[in-house]
Amino acid sequence: MKIFKNFVIIFLLMTINNINANENSERNEITKNLRCLICQGQSVYDSDSDFANSMKILVDKKLDEGLSEKEIYIYFKEKYGDWILYDPGLNKNTYLLWLLPILIFLFGGAIIAKSFILKK
Amino acid sequence: MKKKLIPYSIIFTFLIIFAVFYKSLKDTNIYTPETKINNDIPIFSADLLLLNENSNSTEIFELDKFYLLNIWASWCVPCRDEHPILMSLSKNNKLNIIGINYKDNKKNAKSFLDELGNPYEKIIVDKNGTNSIEWGAFGVPETFIIYNNKIIKKYIGPLNNELLLEIQKIIK
């Protein structure tokens, strides 16, 4: 019986831990995709600067207000521009970034097709 | 066929490399923050320093008036440098100067203003820095010019005499 009690207590402790982790995970997920603008090469999640700490508080606030992950990205993009997102959308500055891999892939495919398939 | 393909592919690769380098080498690789302007001002409510009351954005910013919003802190050294410029701007009655006290404690902020003078009409308390982020600020000091609830100009870093003339030209 005593062992069973202990087991229940340990199980409860573990689930409480799990709940806490879930609460923060959405915040962490978002802050990992936001660039800390005043640090070099760090995300808001990684950084402990004044700017990043304020951003974390604001992300929490926006989540409490009921904004979705996407809405929060749009919100920050409006204020700071594309640079704040680690995953920028397709626009006139980033089209090369998005299209180049596809172009290279097609070009490579064409070479393979020409040299192997057409030869036969 | 194969003989022709190799030189063509080499030329093609070099063209792509050339295009990428031509485009990106012209840009500076030192990140300069985008000064996004013509954004609407954020909607917020905050405590005011010195007045001990709560206020919100519609109360502070009226239409058809020029506002200068300055983010400052008593611990920020460049803020000390730009303070005389804010003092001289405060003499202009066309311009209302609003301050945001960024991550500061009240006592230090008050003694800073006692020592150097208070150019601000109202000072918004921003204890955790979130209000500044809502404005799209990077840190202290930073200055915004606001007209009709729109940010028409933004200066990152301390103001100097050149910018003073520029601001005076804008509000004329």
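This is a predicted model: local features need pLDDT of at least 70, side-chain atom pairs count only at pLDDT 80 or more; totals for chains, interfaces and linings use all residues.
View 1. Strand 3 and strand 4 of chain B run parallel and are joined by seven bridges, whereas strand 3 and strand 6 of chain B run antiparallel and are joined by six bridges. Strand 3 of chain B, which spans residues 66-72, is mostly covered, with six of its seven residues buried.

**View 2. The β-α-β unit of chain B.** Strand 3 of chain B, helix 3 of chain B (residues 77-90) and strand 4 of chain B together make a β-α-β unit, and this unit is right-handed.

View 3. B:K103 is found in the loop between strand 4 (95-102) and helix 4 (106-116) of chain B. Although B:K103 is not a glycine, its phi is positive, at about 40°. B:K103 counts as partly exposed because it has 17 C-beta neighbours inside 10 Å, a count that falls between the limits of 12 or fewer for exposed residues and 20 or more for buried ones.

**View 4. The loops on either side of strand 6 of chain B.** B:P141 lies in the loop between helix 5 and strand 6 (142-147) of chain B, and the peptide bond that joins B:V140 and B:P141 is cis, with an omega of about -15°. B:N149 has its place in the loop between strand 6 and strand 7 (150-156) of chain B. The phi of B:N149 is positive, about 60°, although B:N149 is not a glycine. With 14 other C-beta atoms within 10 Å, B:N149 is partly exposed.

**View 5. The contact between chain A and chain B.** The contact takes 18 residues from chain A and 17 residues from chain B. On the side of chain B that touches chain A, helix 1 (2-26) and helix 5 (130-134) of chain B each supply at least two residues, and helix 1 of chain B gives the largest share, four residues. Sorted by class, the side of chain B that touches chain A has eight polar, five nonpolar and four charged residues.

View 6. A:F105 is found in helix 4 of chain A, which covers residues 95-117. A:F105 counts as exposed because it has 10 C-beta neighbours inside 10 Å. Between A:F105 and A:I72 there are 34 Å in space, C-alpha to C-alpha, and 33 residues in sequence. The domain assignment of chain A gives domain 1 as 2-88 and domain 2 as 89-120, and the centres of domain 1 and domain 2 of chain A, taken over C-alpha atoms, are separated by 37 Å.

**View 7. Confidence along chain A.** The average pLDDT of chain A is 84, and 92% of the residues score at least 70. Among the elements of chain A, the lowest mean pLDDT, 78, belongs to helix 1 (residues 2-32) of chain A, and the highest, 90, to helix 2 (residues 50-64) of chain A.

Key: Residues are numbered from 1 along each chain as its sequence is written. Chains are lettered from A and ligands numbered from 1 in the order in which they are written. Two residues are in contact if their C-beta atoms, placed from the backbone, lie within 7 Å. Ala, Val, Leu, Ile, Met, Phe, Trp, Tyr, Cys and Pro count as nonpolar, Asp, Glu, Lys and Arg as charged, and the others, Gly among them, as polar. pLDDT is the predictor's confidence in each residue, from 0 to 100. Domain bounds come from an automatic or database domain assignment. Two strands pair if DSSP finds at least two bridges between them. A crossover is right-handed if, with the strands pointing away from the viewer, the path from the first strand over the helix to the second runs clockwise.
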